[in-house]
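Open the model in your viewer and keep the sequence panel beside it. Each stop below says what to select and what is there.

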Amino acid sequence: MIDVDYRWPSAAQAWLDLPVDLRADLVSAGVESWRDIFDGRASYNQQWRLARPPVMDRTSLRVLNSVCDRLAQLIFESCRRRARTAGELRHLLGMPVGQNRLLDEAEPLTEALLAGFRPDVLLSDGVPRVVEYNIDSSLGGALDADTTVRRFVELYRRRGLDRGVRMEPAPSAVDLRFAAIRDGLGLAAGARLALLIDFDAEYPGLEVPERFYRKLAPVVDRAAAVAGLDLVVAPVAEATRDTEGRLVIRGAPVDGLFRLFVPNRLTPSAGADALEAAVRAGSVPMWVSAAAWLLGNKQVLAWLWADADALPTADRDLIHRYVPQTWLFGPDLVEQAVADRHDLVVKPSGGSAGVDVLIGRETDADAWREAVGRFARQGGFILQRYVRADDVPVEFVHMETGELVTAEVPYSIAPYLFGRQPAGACVRIGYPGSAGVLNLARGVLISGLLVTDPPPS
């Protein structure tokens, strides 16, 4: 049972609960070693690096994971109340036929679609607020989050800074995802699993494929060590089919497919055609079904709010506390949007990477009026209550000068759950002088979570 009234500590509390001298030593170690910690990690920011990871106590992380797991179930149930198949759900969401090339319109909606999810959570007055919910296999940031916090912890252990204080990286998203893939697809030891990437997508590092393959070498190793899988990383464009219709990657058929791209933005190619044909023929099992991506449409958060009063009290209270009020945006809400600009955000329901997200209080009144009118006519947007993210003091290193700077910045937490099991988190952290949406393309920094024991009560 989830404690809806759990008293959340402030976003900075777990860090401040560590002894003062230990905090100074942890930051000093990060200042000296930031190049090694962030070596090879994806970032558009070429000015700042973190001097330490974000910290959360294990009790708060456990409650957060429980809240996120229940919300995922409620999202699924809200979709099932409205649709029984993937095609029905796609139609209700207003998505064009064929936009999601890998979608089986007749596929029944089942809880198997909840194999992988990662909500985007802002901390406001210490309380997590789920502003978006990503449900799919293509959940980025896992390797960077895992690697960064693991390197911080290894550094602290080498220097003996963990003596007397329990500090651990959050569970590995990379490891637990492979365990979920193995179990979800029923793959035997030694099975050949394809990790397909669309190298024409926008993500730092994809512009040099060979460098990206080298970066993913540890992922290949973890797939073998954790799940006994032979992972093959390749571009979607290289996929072919053999005479039996099986999907062929790097010269041989594969037993399963791990899709690390968003299905509605797959770049057309002969390889994409071969992939689509193999998936539709059922000759290769895919983790996860493309229908899962529909559950992450932001319209579903509006459905949660529309349904909340008819749900059991605990579920209603969970939604009201942890999900900001959300509406399907149309012409009937334009005047409300204009009048309440300071307290609202407008977002494309099927968008990502912060594209076309407008924060009312950060947008000129005339520009806001024009934009919301245009979005209402265009359709496919939601309106959401603004969530003020708590500013937290974080230490940074200036990459060029080596200067240590402490700045009050917001951050978002994106907990991973694979196979309904908690699997760490990707934390997006603002930097000195940053503003607006916390998105990788806007220069935010990424880390995993350092987990500590809560202080004695």
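Select valine 288 to begin. It sits in the loop between β12 (286-287) and α10 (292-295). This is a predicted model. Now show the backbone from tryptophan 287 to valine 288. The peptide bond between these two is cis, with omega near -5°.

Next, select aspartate 125. Which loop holds aspartate 125? It is the one between β3 and β4. Check the backbone here too. Phi of aspartate 125 is near 55°, a positive value in a residue other than glycine.

**The five-stranded sheet**

Five strands form an open sheet in the order β4-β3-β19-β20-β21, and the pairing is antiparallel.

Strands of a sheet pair through backbone hydrogen bonds, either parallel or antiparallel. Zoom in on β3 (residues 116-124) and β19 (residues 411-418). These two run antiparallel and are joined by four bridges. Which residue of β19 is the bridge partner of leucine 122? Select serine 412 to see that partner.

Helix α6 lies across β19 and β20 (421-429), and runs at about 30° to β19.

Helices α6 and α8 pack at an angle of about 55°, with axes 9 Å apart. That angle makes α6 oblique to α8. The crossing is right-handed.

Show side chains at this contact. From α6, select Val174, Asp175, Phe178, Ala179 and Arg182; they meet Val219, Arg222, Ala223, Val226 and Ala227 in α8. By class, the contact of α6 with α8 has seven nonpolar, no polar and three charged residues.

**Helix α3 and two partners**

Hide those helices and select α3 (residues 58-80) with α12 (residues 313-322). Their axes come within 11 Å and cross at roughly 110°. That makes α3 roughly perpendicular to α12. The crossing of this pair is left-handed. On the α3 side, pick Val67, Arg70, Leu71 and Leu74; on the α12 side, pick Asp315, Leu318, Ile319 and Tyr322. Sorted by class, the contact of α3 with α12 has six nonpolar, no polar and two charged residues.

Stay on α3 and bring in α11 (residues 299-307). How far apart are the axes of α3 and α11? They are 9 Å apart, and the helices pack at about 85°. The two helices are therefore roughly perpendicular to each other. Select Leu74, Ile75, Ser78 and Cys79 of α3, then Val300, Leu301, Trp303, Leu304 and Asp307 of α11, to display this contact. By class, the contact of α3 with α11 has seven nonpolar, one polar and one charged residues.

**An aromatic pair**

For the last stop, show the aromatic side chains. With ring centres within 6.5 Å as the cut-off, the count comes to twelve aromatic pairs. Pick out tryptophan 48 and phenylalanine 396. Their ring centres are 6.3 Å apart and their planes stand at 70°, so the pair is edge-to-face. Tryptophan 48 lies in β1 (residues 48-50) and phenylalanine 396 in β17 (residues 392-398), so the pair ties together parts that are 348 residues apart in sequence.

Terms used: Residues numbered from 1 in each chain as written. Predicted model: local features only at pLDDT ≥ 70, side-chain atom pairs only at ≥ 80, totals over all residues. Heavy atoms only, no water. Axes fitted to C-alpha atoms, helices over the stretch in contact; angles between N-to-C directions. Parallel < 35°, antiparallel > 145°, perpendicular 65-115°, else oblique. Left-handed = near helix turned anticlockwise from the far one by under 90°. Contact = heavy atoms within 4.5 Å. Nonpolar A, V, L, I, M, F, W, Y, C, P; charged D, E, K, R; others polar. Pairing = 2+ DSSP bridges. Phe/Tyr/Trp six-rings, centres within 6.5 Å; stacked < 30°, edge-to-face > 60°.
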